[in-house]
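Subject: Structure handover

Hello,

Here is the structure I promised to pass on. Please open it alongside this email. My notes follow below.

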Amino acid sequence: TSLTIPDSVNTIGEFAFSGCSNLESIKLSESIKTISRDIFSNCSSLTSLTIPDSVTSLGEWQFSGCSSLTSIVLGSGISIITGYTLANCKNLTSLTIGENVTQIYSNAFEACTSLSQINFNAVNCEYFSYNNTIDYSGLSESSLSVTFGNKVEKIPDYLFYFCKALYSVTIPDNITSIGTYAFYGCSKLAVLKFSDNLTTIGNYAFSSCSSLTSLTIPDSVKTIDKHAFDYCSGLITLTINSVTSMGECAFSHCSNLTTVNLGENVETIGYEAFRECGNLTTVNFGENIKTIGGNAFYYCQSLTSIIIPDSVTIIGEQAFYNCRNINFVIIGKNVNDVGRFAFESCRNIYCKLTAKPDNWSSDWNRLGTVYWYSEKRPTGTGNYWHYVDNEIVIWS
């Protein structure tokens, strides 16, 4: 059975078609402004529906129990997706959210177990009704992909918080920032394509996304906020070229991270940025890095060597604390401030300076052997080194 709503109708009242189990299709006119609650609930044969842009209000439980519904387009006139709007639409695979949606109720998509595609077009959606999050727990059986419309400039805070069904995200070039906790705890997320115009990745944005294996941060990104990718336990390789500021714990506890490549524009590594990345073996610093924050590589026990470039001026407390397998370190000639225990447990440290600067902590290294640079054979006591054909040679 099919139904066409004529242009003369501008409002559909409560329960108007609820329980019409043989209704397979319906065409809504562009004159409709309001669709009250439960109008299509339990229309078990309805397969697809487009809500016209003229509709500004949808009531609760609108499509609840539409068990055959596979796709729905919510028009640009809708500002609120209310409670249980699509609850128990167990065969729904595709959802399009209009550009003027500002609020989504927490339980709007409850038990949509087959949802595999969300087309998100909302340009100013900043409010979710319960704990500022949407409940995606009922989507756990699906593998969800998300695309964003060409008018979206920011991915809202908490948008896909703990959405464990999310597998793939494509972030187009019109998006410049990703909000706080936007993809936190998306443990199935494995495919992530960044915008080339992205500038900011917010606090905890991808924290605990344990299926990500490789990341290249686009050159457009200048700021990675704190905890943005911490506990991404599947991450193996990371390349950062143009980020100038990296927040605290940005990549901490990425337990399988093995290689970090930091480009020429990276200036600051934040506090605990790579703390307890236990499998990290290689860190390639860019030539313009200035600050390595406290605890930045704390307990990275697979590191065996570190070369600090001449551009670095500050190394924070415990920056390489308990990296007990590091047996070769070169510290650049312009480092004028080193915090307590910065190289605790590191052995065979070759400093390009001729003596310890006054600003270095007296406890910067207590266990390793430290060598200071001397172009000529030293006359006093102590450990010294120099270059011979670009090779380190210890003065005897």
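Are F320 and F343 buried or exposed? Both are buried. Keep in mind that this is a predicted model.

Aromatic pairs

There are 37 aromatic pairs in the structure. One of them joins Y158 and Y161. Their ring centres lie 5.6 Å apart, and the planes meet at 50°, so this pair is tilted. Y161 is partly exposed, with a relative accessibility of 22%.

F320 and F343 also pair, and their rings are stacked. The centres are 5.2 Å apart, with 15° between the planes. This pair links distant parts of the chain, 23 residues apart. F320 sits in the loop between β28 (314-315) and β29 (328-331). F343 sits in the loop between β30 (337-338) and β31 (349-351).

A charge over a ring

Look at R275 and Y298 next. The charged end of R275 sits over the Y298 ring, 4.1 Å from the ring centre.

Nonpolar cores

The largest nonpolar core has 124 residues. Which members touch the most others? They are F40, F160, F183, F297 and F320. Strand β13 (residues 144-148) supplies the largest share of this core, three residues.

F40 is worth a look on screen. Leaving out residues up to four places away in sequence, F40 touches F17, I26, L28, I35, L46, L49, Q62, F63 and C66.

Another core, of five residues, lies apart from the largest one. Among its members are I330, Y350, Y371 and W385.

Best wishes

How values were computed: Residues numbered from 1 in each chain as written. Predicted model: local features only at pLDDT ≥ 70, side-chain atom pairs only at ≥ 80, totals over all residues. Heavy atoms only, no water. Phe/Tyr/Trp six-rings, centres within 6.5 Å; stacked < 30°, edge-to-face > 60°. Buried < 20%, exposed > 50% of the residue type's maximum accessible area, 1.4 Å probe, protein only. Helix = DSSP H or I, 4+ residues; strand = E, 2+ residues; numbered from the N terminus. Lys NZ or Arg CZ within 6 Å of the ring centre and 35° of its normal. Core = buried A, V, L, I, M, F, W, Y, C linked by side-chain atoms within 4.5 Å. Contact = heavy atoms within 4.5 Å.
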